[in-house]
Amino acid sequence: MRFLQNLRIGRQIGAAFLLPVFGLLAFSGYVIIQRWMVVSDTSGLIRMTSLAASVSATVHELQKERGASSLYVASGRKQFADKVASQRKLSDEAAVRLEGDAPADDGRAQGPAFAASMAKAKTALAGRAKLRADIDNGAVDRNTLFQAYTAMIKAQLDLVGQMTHIPPD
């Protein structure tokens, strides 16, 4: 403390202000980091919410496609072909939106369980081309069709369910 007595009064006043200024800077840095963490968490929540909405829209379109396809098969593939074709287009558009909202890393950042669920949902959606071809060729009956679409829809809903297990950090 003796060295402070040897300083000029202006430097003594400056030294007296340094401690509160450093404290203020440290506290400000802490607040900024906390706010950044909140923004980061919120950004992740927004991405997952958008993904959930896309999954929901895709599920809805797949349910409508399941119904239209069931009617088409029940009619012996003689009626509802136009309805099936238009509904398939809507389902494809919803699937494209879902693909756009999916995490770029296929969900690995959200954990292995979420990534596995994401992979299962994508695989299920990829199977719709073969299912549609089988429907058009008469290779499936209504029960098989119903079960296949239901499994595809379940994989999408399981993905949303898995979102509840993503840790917040």
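A few ground rules to start. Residues are numbered from 1 along each chain as its sequence is written, and side-chain values use heavy atoms, with hydrogens and water left out. Since the model is predicted, local features need pLDDT of at least 70 and side-chain atom pairs count only at pLDDT 80 or more, while totals for chains, interfaces and linings use all residues.

On confidence, the protein averages a pLDDT (the predictor's confidence in each residue, from 0 to 100) of 91, and 96% of the residues score at least 70. Going element by element, the lowest mean pLDDT, 67, belongs to helix α1 (residues 2–5), and the highest, 97, to helix α3 (residues 81–101). Helices here are DSSP runs of H or I with at least four residues, numbered from the N terminus.

**Helix packing**

Two packed helices are described by the angle between their axes and the distance between the axes. The axes are lines fitted to C-alpha atoms over the stretch in contact, and the angles run from 0 to 180 degrees between N-to-C directions.

| Pair | Angle | Axis distance |
|---|---|---|
| α2 (residues 9–74) and α5 (residues 128–137) | about 20° | 11 Å |
| α4 (residues 112–126) and α6 (residues 142–163) | about 160° | 8 Å |

Take the α2 and α5 pair, packed at about 20°. That angle makes α2 roughly parallel to α5, a label for angles under 35 degrees, with over 145 counting as roughly antiparallel, 65 to 115 as roughly perpendicular and the rest as oblique. The crossing of α2 past α5 is left-handed, so the near helix is turned anticlockwise from the far one by less than a right angle. On the α2 side, Leu62, Glu65, Ser69, Tyr72 and Val73 are in contact (heavy atoms within 4.5 Å) with Arg128, Arg132, Ile135 and Asp136 of α5. Sorted by type, this contact has four nonpolar residues, one polar and four charged. In that scheme Ala, Val, Leu, Ile, Met, Phe, Trp, Tyr, Cys and Pro count as nonpolar, Asp, Glu, Lys and Arg as charged, and the others, Gly among them, as polar.

Now for α4 and α6, at about 160°. Here α4 comes out roughly antiparallel to α6, and α4 also passes α6 in a left-handed crossing. The α4 side of the contact includes Phe114, Met118 and Leu125, and the α6 side includes Met152, Leu159 and Met163. This contact divides into ten nonpolar residues, three polar and two charged.

**Buried residues**

Which residues does Ser91 touch, leaving aside neighbours within four places in sequence? Ser91 sits in helix α3 and meets Glu61, Leu62, Glu65 and Arg132. At 2% relative accessibility, Ser91 is buried (under 20% relative accessible area, with exposed over 50% and partly exposed in between, using a 1.4 Å probe and protein chains only).

Val73, in helix α2, is buried too, at 17%. Beyond its neighbours within four places in sequence, Val73 touches Ile135, Val140, Asp141, Arg142 and Leu145.

Gln110 lies in the loop between α3 and α4 and is buried with a relative accessible area of 17%.

**Positive phi**

Phe80, in the loop between α2 and α3, has a positive phi near 70° without being a glycine, and is partly exposed at 34%. Asp106, in the loop between α3 and α4, has a positive phi of about 60° and is partly exposed at 32%.

Conventions
Helices (H or I, at least four residues) and strands (E, at least two) are DSSP runs, numbered from the N terminus.
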